[in-house]
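Walk through this protein one piece at a time.

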Amino acid sequence: MQKSLEMVKLPHFVSVENLPVATVKALIQRATYFQQGGNVPVWSKPIYAANLFFENSTRTHCSFEMAERKLGLTVIPFDPAASSVKKGETLYDTLLSLNSIGIDLAVIRHSQNGYYRNLINLPASSQLNIGIVNGGDGSGQHPSQSLLDMLTIYQQFGHFNDLKIAIVGDLTNSRVARSNMQLLTRLGAKVYFSGPEYWYDQQEFSQFGQYLPIDQLIGRMDVMMLLRVQHERHAEESQFDAQSYHQKYGLTKSRYQQMKDKAIIMHPGPINRGVEIDSELVEAPKSRFAQQMKNGVFMRMAMLEAVINGRHLGGR
Ligand code: CP
């Protein structure tokens, strides 16, 4: 990935489903440039962004805001709980209002899968003209997490071809699993799945990778990508036993010892310590948890810049 790749231009950034490999490589290169202290673009006019998080978030919300500030954007605060959404205003009308006030870009996290579809496929009569960046939709897509994960894997191995990557845990509810299985297979990695077998839907997941119990994977994988058990999305929560889950499906200290020398552990966060991973392994030498969060700022700068370019904001 030495030669300079083309500038990415997108009107919105909502999914990795149809993202070409060349675009992923260009974004990795651009994020790396920002990470290494490269100059941010000089915009010909102010660009305004708002972050609309209808689901809880620490990493994605703060990381996007940090990326926006590093890029020199003006961030207009938006708190759903104190907004007119509470009076019944629709998401479309909320965005029409923010856009009319002068906001150019909206980063949105929402519990509804595909909430963005009617915001980017607008009828000719619509006056809405705002760039949408998806900060995670239900169990659908999490493009910024997926791309920061690609950057983290690329930093470790320098390529994706034939890497063996296990995605482990709450597959059913995971937008991270869905985004990453799509992107990793397109990039040439070999994906495996593990965790409770009832969270592995054969029909959906088998086209991307095989299911195997964790003890059959642990010694062979280059990346152990652990997923948070999303307690808030489980109806039958009373049946969940954290200790039993950890022993059967989690990264225990004994499983850590069986990992390949150069293998790494990833987790999108937030972590349930002692469930997906032993608490003492969160900052172990093979863990890239903190690195993922560091990378997120620079990848989100690259993603925001792509939408700024795609919408010809800031004179580019
Ligand atoms: N990884 C992730 O999306 O974390 P947050 O929910 O804290 O944003």
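**Two helices in contact**

Helix 5 and helix 11 (residues 289-310) pack at an angle of about 115°, and their axes lie 8 Å apart. Helices here are DSSP runs of H or I with at least four residues, strands are E runs of at least two, and both are numbered from the N terminus. Axes are lines fitted to C-alpha atoms, for helices over the stretch in contact; angles run from 0 to 180 degrees between N-to-C directions. Two packed helices are described by the angle between their axes and the distance between the axes.

The model is predicted: local features need pLDDT of at least 70, side-chain atom pairs count only at pLDDT 80 or more, and totals for chains, interfaces and linings use all residues. Residues are numbered from 1 along each chain as its sequence is written, and side-chain values use heavy atoms, with hydrogens and water left out.

On the helix 5 side, the contact includes Pro143, Gln145, Leu148 and Leu151. Helix 11 contributes residues including Gln291, Asn295, Met299 and Met303. Contact means heavy atoms within 4.5 Å.

**The sheet behind helix 5**

Which strands does helix 5 share its other contacts with? Five strands form an open sheet in the order 7-6-5-8-9, with parallel pairing. Two strands pair if DSSP finds at least two bridges between them. Strand 7 (209-211) and strand 9 (264-266) are the edges, each pairing on one side only. From one strand to the next, the twist averages 20°.

Strand 5 (residues 164-168) and strand 8 (residues 223-226) pair in the parallel sense over 4 bridges. There, Ile165 has Val223 of strand 8 as its bridge partner. Helix 5 (residues 143-157) packs on this sheet and touches strand 5, strand 8 and strand 9. Its direction makes about 170° with that of strand 9. Helix 6 (residues 175-186) also packs on the sheet, touching strand 5, strand 6 (190-194) and strand 8. The direction of helix 6 makes about 165° with that of strand 5.

Strand 1 (residues 48-53) pairs with strand 2 in the parallel sense over 3 bridges. Ala50 stands opposite Ile76 in strand 2.

**The ligand**

Residues around the ligand include Asn56, Ser57, Thr58, Arg109, His142, Gln145 and Gly269; each has a heavy atom within 4 Å of it. A backbone N or O atom of Thr58 lies 2.8 Å from a ligand oxygen atom. A polar side-chain atom of Arg109 lies 2.8 Å from an oxygen atom of the ligand. For a polar side-chain atom of His142, the distance to a ligand oxygen atom is 2.8 Å. The protein covers 93% of the 260 Å² of accessible area that the ligand has on its own (Shrake-Rupley method, 1.4 Å probe).

**Two backbone details**

Most residues other than glycine have a negative phi, and most peptide bonds are trans. The bond from Gly269 to Pro270 is cis, with omega near -10°. Pro270 is found in the loop between strand 9 and helix 11. Asp162 is not a glycine, yet has a positive phi of about 65°. Asp162 lies in the loop between helix 5 and strand 5.

Technical notes. Polar contact = N/O pair within 3.5 Å; in protein donor to acceptor, adjacent residues only side chain to side chain.
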